[in-house]
Amino acid sequence: MSHTPAKNSTFARRVRTMAMHGALPHALILSGTGDRAAAARFVAAAMQCSAKEDKPCLSCSQCRKVLEDIHPDLHFVEDGDHKELSVKAIREFRSDVYIRPNEGTRKVAVFPRAEQLNERDQNVLLKIVEEGPAYAAFIFCVENSSLLLPTVRSRCAELKLQEEDEMLAPDMALLRAFSTGKSAAVTEYLTQLEVRKLHREDLVKKLRISWRVCAEALLLQKGKQAAEPALQEGADLLQRSLTTKQLTALTQLLHHYALESNYNVGVGHVLGAIAAEWETKL
């Protein structure tokens, strides 16, 4: 499952409250310093969730497909090779948005790097946001919403993320891969991250949080209570699955590369190094 906001974070509570009252807007701006892509998946899951209450439940088939990036009605619109979104990407999006959902109740378009949208793109999107089909939903992720045109901002509700929200949201898929004690599972998942063109800043956060989970797991193995309840699930998984020697090695490994990634190093280089070094620890 993908990295998601902590269950009891301010952001998660607000989204659940809006979903419970049927008040999730069709156009949202997610701004601030947290993990905006993960927050967008959380909102999209709330929109698609098949549970009758407490949306997103994060366990129904609709939620799981959203969080695993395999839902046919969730589309991330971005261009990892250019500073701005290409004309082709915008045209493809504009054509796709008018095709009815395949299996969900909404067709959700996420712009994980809305700063890629130039003025022309935003004006095209403004018309779609205003006049598009009722089933369409739009999520714009940007650190500072002032980078979007006032006309776009006026058509969207804005939710601000805080660093505390993303700091307590571990990547459970990565932790599960490590918990198998098999290098192949870790290599496969890290390869997926590289294919997705993970940004260096996101990699730093992912490794830093995972390192903290490992530290919590070591506390549990020593019979001590975990200090951060939001990391409990991941810590419990690792302390049950790995030996103390393996867990200590993993803690050191993640700590080292979390620091290494702060410097101007390639994401692919770091992911490859982690996979190779973890294999030697098993």
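Start by selecting D69: is this residue buried, partly exposed or exposed? With a relative accessible area of 31%, D69 is partly exposed, because that value falls between the 20% and 50% cut-offs. Keep in mind that this is a predicted model.

Zoom out a bit and you'll see that the two sit in distant parts of the chain, 28 residues apart: R41 belongs to helix α2 (residues 36-48), while D69 is in the loop between α3 (61-67) and β2 (74-76). R41 is buried, at a relative accessible area of 12%.

Next stop: K65 and E103. Show their side chains and you'll find another salt bridge, 2.9 Å from N to O. K65 lies in helix α3 and E103 in the loop between α4 (87-96) and β3 (107-111), so this pair ties together parts 38 residues apart in sequence. K65 counts as partly exposed at 26% relative accessibility, and E103 also counts as partly exposed, at 37%.

For the last stop, pick K206 and D171. They form a salt bridge whose closest N and O atoms are 2.8 Å apart. K206 is in helix α10 (residues 200-221) and D171 in the loop between α7 (163-167) and α8 (172-179), so to speak a link between distant parts of the chain, 35 residues apart.

Key. Residues numbered from 1 in each chain as written. Predicted model: local features only at pLDDT ≥ 70, side-chain atom pairs only at ≥ 80, totals over all residues. Heavy atoms only, no water. Helix = DSSP H or I, 4+ residues; strand = E, 2+ residues; numbered from the N terminus. Buried < 20%, exposed > 50% of the residue type's maximum accessible area, 1.4 Å probe, protein only. Salt bridge = Lys/Arg side-chain N within 4 Å of Asp/Glu carboxyl O.
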